[in-house]
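Colleague: I am new to this one. Can you walk me through what surrounds the ligands?

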Amino acid sequence: MKTLPAVDVVIVGGGWAGLLMAKELGVRTALSVVVLERGGATKTADYADDMDEVDYAIRLHMMQDASKETATLRHNHSERALPLRQFACFQPGTGVGGTGEHWAGVSPRALPDCFEILSSTTKKYGKARLPEDHSMQDWGVTYDEMEPYYAGAEAMMGISGKAGNLRGQRMEGGNIFEGWRSAEYPTPPTKIPYYPHLFREATRSLGYHPHPIPSATISQAYTNPDGVSRPGCTYCGYCERFGCMIGAKAQPSNTLLPVIERHKNVSIRTGAEVRRIVHEKTGQLGQAKGVQYRNAAGEEFFQPAALVFLSSWTLNNTRLLLLSGAGDAYDPATGKGTIGKNLTHQVTFAAAMAFFKQPLNRFMGSGAAGIRVSDLDGDLLDHSTLPFLRGGFFSAESLTSRPIGNFGIVPPSVKATWGAEWKKASVDYYDRTAKIGFSGEHLAYRGNCMDLDPTYRDHCGDPLLRLTLDWHDNERQMAKFMSAKALEMARAMGATEVSPAGELRNYDTRIYQSTHLQGGTIMGASPEQSVVNPFLQHWQFSNLFVLGGSTFPQNPAVNCTLTILALTLRSADAVVNRYLKNPGALA
Amino acid sequence: MKRRHFLTLSATGLGTVLVYSLDNKTFSAVAQGQPVRIPLRFLTRTEALVVAAAASRIVPSNDSGPGAHEAGVAVYIDRQLAGPYGRDRYRYTQEPFEDGVAELGYQGKATPRQIYREGLKSLGNFLHLDAAGQDLALTRIQTSFFFAMLRQHTIEGMFCDPIHGGNKNLAGWKLIGFPGPRFSNLDDVDKHFGESFRPKVTTLREMAGHTLHPSEEER
Ligand SMILES: Cc1cc2nc3c(=O)[nH]c(=O)nc-3n(C[C@H](O)[C@H](O)[C@H](O)COP(=O)(O)OP(=O)(O)OC[C@H]3O[C@@H](n4cnc5c(N)ncnc54)[C@H](O)[C@@H]3O)c2cc1C
Ligand code: SF4
């Protein structure tokens with residue numbers, strides 16, 4: 001293994017979180033920063049002709065190559081885990097920009113009480129109401145502390161939306177349930193296509209408070225505080241699973257890269273697959289020395305660095321710490337150890353399908369243009385007499401309206417699944433069908449966790465990460481309750497037929513849910529309970545930071561990326577303003 | 001030497017119907033039809049004809065519009081099987097292969113190519129059956145993984161961009177009123193409420209203005 005010249009900072013993974021940290025350090029310091037990204041360089045010119053459903057949405061052209069590396073999964077600790085041989089339930093990206101290149105751009109903030117879920121739930125309902133096997137935790141950061149960083153992340157991406165709570169003042173038309181915000185959204189809401197429009201009218205008539213989805217597919221041209229300009233979205237409909245051909249959707253390649261490229265102290269090395277965090281430990285405390293990686297030709301390198309940021313998404317953040325022995329692996333039997341703990345996945349499903357007599361023109365839209373109802377999110381419902389805790393939101397979106405993915409969805413009155421009758425119904429309903437989506441909070445449980453798989457390995461010969469994950473009663477009861485609400489909404493939209501969501505049974509790897517998988521290297525207020533402190537600094541290795549959803553103690557209902565970026569900005573502030581002046585523990 | 005197989009299609013003047021021939025001679029029952037010989041990349045001619053016939057029972061051509069036949073679904077499937085997808089280039093194929101609960105997804109060793117090869121055998125003398133007989137044969141295997149794959153690929157071949165070999169003459173997109181890729185819907189996205197808006201159908205090739213390389217064409 002060849003040892004390379006030392007650098008000040010190495011960042012593992014060049015997606016949203018890693019490139020945001022690289023940009024912050026590049027602009028605000030003179031440190032030498034190297035980003036190691038396993039995938040290739042991103043050519044935004046390729047996005048000009050990527051509007052191909054087969055290659056991008058079905059064969060997953062932009063996603064991680066499962067033949068090289070995947071994860072294994074089982075529902076419980078007595079089952080044998082098997083590999084996810086193809087990605088379906090979540091779809092991690094690869095290459096510069098990471099998953100952020102082909103995301104949908106839905107960008108809400110988490111509700112304030114999500115950050116203090118354990119204390120607020122216990123206070124209101126008592127300890128006895130918590131699921132017996134829960135392992136919920138507070139984040140060690142409050143919404144008030146997060147607010148400026150949320151605002152910063154929104155400004156960087158130019159998020160389009162409508163405030164519902166401006167410095168404590170209720171603003172009709174926005175999400176009146178959101179936490180206070182210091183400023184209005186950087187750009188006005190997106191245009192609202194016909195189907196979300198129907199949803200808005202119907203849910204308003206039912207007494208809900210529908211609001212436009214905060215969107216990184218921006219409504220008009222915008223220049224961010226770094227001086228990077230992007231045009232408004234044209235609602236082409238080839239958005240999530242695709243890169244945006246005009247750069248209207250905020251992606252690392254069109255928001256962060258242009259700034260990084262201006263700063264000579266930051267470089268990005270592609271084809272660099274990190275395999276270990278190299279560290280030295282004396283007793284409980286230690287220091288990271290750098291990282292070991294393999295290039296595309298299979299050569300191994302040691303890249304020494306004074307400061308290491310891990311930002312290789314939820315699964316590899318966890319796996320790399322486990323493979324490197326950088327911290328104590330979690331043991332679900334004893335509850336001891338922390339790495340691998342609290343695996344959660346946003347509870348997302350089609351809460352109701354609605355079939356209409358009129359056409360919906362669903363080919364027009366963006367990944368995030370749509371309407372959302374948040375009245376039943378967080379703890380807005382009184383859960384005293386309900387069979388579940390916490391909630392989620394409903395949405396009517398314009399995404400995934402492409403033909404292959406949608407042909408063949410027929411009303412429940414049609415029983416056939418192929419042949420003449422089915423074909424006729426499929427043609428008739430192709431553009432007259434839409435779904436009400438629901439995304440709910442996923443609580444953390446002792447048994448839902450990650451460790452190294454004893455059998456299956458990646459292409460380098462390292463063990464795959466093993467996920468032990470299943471839904472519990474809380475999610476199942478929530479799904480049942482929310483589906484009934486969604487059916488009422490679908491009927492109020494004037495749907496001629498509706499079909500309910502099936503029951504939430506076992507976690508199903510065959511169906512796309514979301515790429516909001518969290519936990520494994522969670523943050524918190526104590527080293528016994530968490531891997532990183534509230535500034536995302538490893539409790540045991542003060543020069544090692546972990547960025548991304550792997551630090552979420554559990555899964556808020558909202559889509560995670562804005563919170564990932566806000567936490568990254570908060571960590572960058574702590575590093576630049578405090579750590580660099582006085583290296584050592586920040587908490 | 002590998003025998004070259006061709007699927008003979010004839011595009012007739014009568015509403016652009018494509019007709020698959022059952023023998024080596026081009027089907028010539030329809031006048032003026034310009035026969036097109038499409039070299040097969042993976043399937044044998046007989047296999048291609050069975051795939052075509054089965055796909056046509058899944059999405060039949062009838063009074064509710066053209067089906068798998070007109071869209072050239074068999075050509076799409078042949079190309080997918082011949083390409084990286086067909087040989088599991090991007091699937092995790094490390095041993096051991098074990099059965100698990102259904103929610104863990106397909107855990108078999110067989111590649112899509114092998115699944116088709118075996119699956120088509122299970123359809124027996126499919127080409128000699130009448131429509132009802134073919135439906136019965138498909139009903140018998142409709143819970144199999146092969147059938148799920150065939151059904152999915154049939155939909156893909158109906159509605160893919162024509163660069164992939166299916167959706168011939170945009171038969172699929174026209175059938176459902178999908179306009180294909182469009183750079184901008186800015187002026188229309190919040191209009192046409194309650195009524196259908198059906199702009200002219202375009203292909204990616206037309207939109208991009210240059211040759212494109214679909215992933216099944218490895219270079
Ligand atoms: C189809 C789709 C739609 C989505 N829509 C939304 C949405 O609407 N809203 C939302 O909030 N979120 C959405 N997401 C999720 C969003 O993309 C992620 O939350 C976000 O990209 C996470 O950022 P990250 O930096 O943590 O990880 P990533 O962006 O995935 O970046 C991680 C990077 O690390 C690299 N890497 C991994 N392992 C290694 C290694 N060993 N060595 C070197 N490099 C490595 C990867 O190649 C990758 O580039 C969506 C995701 C998908 C797939
Ligand atoms: S829908 Fe808008 S943001 Fe999305 S890819 Fe198209 S133009 Fe870009």
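Modeller: The questions below take the ligands one by one, in a predicted model.

Colleague: How many residues surround ligand 1?

Modeller: A residue counts if one of its heavy atoms lies within 4 Å. The closest include A:Ala17, A:Thr99 and A:Thr561. The shell around ligand 1 comes to 36 residues.

Colleague: Which class has 20 residues in the shell around ligand 1?

Modeller: The shell has 12 nonpolar residues and 4 charged ones. The class with 20 is polar.

Colleague: How much of ligand 1 does the protein bury?

Modeller: Start with the contacts. A polar side-chain atom of A:Glu37 is 2.7 Å from an oxygen atom of ligand 1. A nitrogen atom of the ligand has a backbone N or O atom of A:Val106 at 2.8 Å. Taken alone, ligand 1 exposes 1000 Å², and the share buried by the protein is 98%.

Colleague: Which helices and strands of chain A each supply at least two residues of that shell?

Modeller: Two strands do so, β3 (33-37) and β12 (273-282). The helices are α1 (16-28), α8 (313-324) and α12 (561-579).

Colleague: Where does ligand 2 sit?

Modeller: Its shell holds 14 residues. Among the closest are A:Cys233, A:Cys236, A:Cys239 and A:Cys244, along with A:Tyr238. Ligand 2 sits in the second largest cavity.

Colleague: How many residues of the shell around ligand 2 are charged?

Modeller: Nonpolar residues number 8. Another 5 are polar. The charged count is 1.

Definitions and conventions. Residues are numbered from 1 along each chain as its sequence is written. Chains are lettered from A and ligands numbered from 1 in the order in which they are written. This is a predicted model: local features need pLDDT of at least 70, side-chain atom pairs count only at pLDDT 80 or more; totals for chains, interfaces and linings use all residues. Side-chain values use heavy atoms; hydrogens and water are left out. On a 1 Å grid over the protein atoms alone, a cavity is a set of points where a 1.4 Å probe fits but cannot get out, and a pocket is an open set with protein on both sides within 12 Å along at least five of seven lines; lining residues have an atom within 4 Å of a point. A molecule sits in a cavity or pocket if more than half of its atoms lie within 2 Å of its grid points. Ala, Val, Leu, Ile, Met, Phe, Trp, Tyr, Cys and Pro count as nonpolar, Asp, Glu, Lys and Arg as charged, and the others, Gly among them, as polar. A polar contact is a pair of N or O atoms within 3.5 Å; within protein, one must be able to donate a hydrogen and the other to accept it, and residues adjacent in sequence count only if both atoms are side-chain atoms. Accessible areas come from the Shrake-Rupley method with a 1.4 Å probe; for residues, only the protein chains shown count as cover. Helices (H or I, at least four residues) and strands (E, at least two) are DSSP runs, numbered from the N terminus.
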